[in-house]
Amino acid sequence: MIRGNDGSNNRRCGARKKDGDPCSVKVKEGDKRCFFHDPGKKEERRAAQARGGQANRALSLPIDVPDFVLETVSDLRPILAATMKRVLRHELSPNAATAVCNLANSLMKTFDDRDLRQRLQDLERLVAQSDKKKGLFDPDEG
Ligand SMILES: [Zn+2]
């Protein structure tokens, strides 16, 4: 039994990693290998990997969630807030949240584009109107 000065267990896994270095994972007293290197825990490892795979699977909204409007930047706020909460509660993977964030950013760019087009149309309409009433804003006149 190997124990540190503070009484903690310093026993390490006896296996070697793929790069040849000794595995640094601590093992319980009586164990020679860690969870990852114990040949007797192959089935447990497989089950843990399957659970991990399930956790990483994309979560989707339930089919009965009413469709939501995404027309303005303000419409994004509750969705981003809900996404943050779900990540913090471990209900949504950070990867899925990153995808939501990227989509929100792309959507915001289309809002900017739409708003600029609208402002340009408004300006063009104003110029066309002032051309019709020529002389109204003519600085040489008056
Ligand atoms: Zn190990």
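## Overall layout

Read along the sequence, the protein chain runs α-α-α. Its secondary structure amounts to three helices and zero strands, where helices (H or I, at least four residues) and strands (E, at least two) are DSSP runs numbered from the N terminus. This is a predicted model, in which local features need pLDDT of at least 70, side-chain atom pairs count only at pLDDT 80 or more, and totals for chains, interfaces and linings use all residues. Residues are numbered from 1 along each chain as its sequence is written.

## Confidence

The mean pLDDT (the predictor's confidence in each residue, from 0 to 100) of the protein chain is 82, and 77% of its residues reach 70 or more. Over residues 1-5 the pLDDT is below 50. Where pLDDT is low, the predicted coordinates should not be read in detail.

Of the 142 residues in the protein chain, 1% are buried. A residue is buried if 20 or more other C-beta atoms lie within 10 Å of its own, exposed if 12 or fewer, and partly exposed in between, with C-beta atoms placed from the backbone.

Helix α3 covers residues 94-132; at 1.5 Å a residue its 39 residues should span 57 Å, and its end C-alpha atoms are 57 Å apart, which agrees. The expected span is 1.5 Å times one less than the number of residues. The number of buried residues in α3 is zero, so the helix lies largely in the open.

H90 sits in the loop between α2 (73-88) and α3. H90 has a positive phi of about 60°, although it is not a glycine. Most residues other than glycine have a negative phi. H90 counts as exposed because it has 9 C-beta neighbours inside 10 Å.

Conventions. Two residues are in contact if their C-beta atoms, placed from the backbone, lie within 7 Å.
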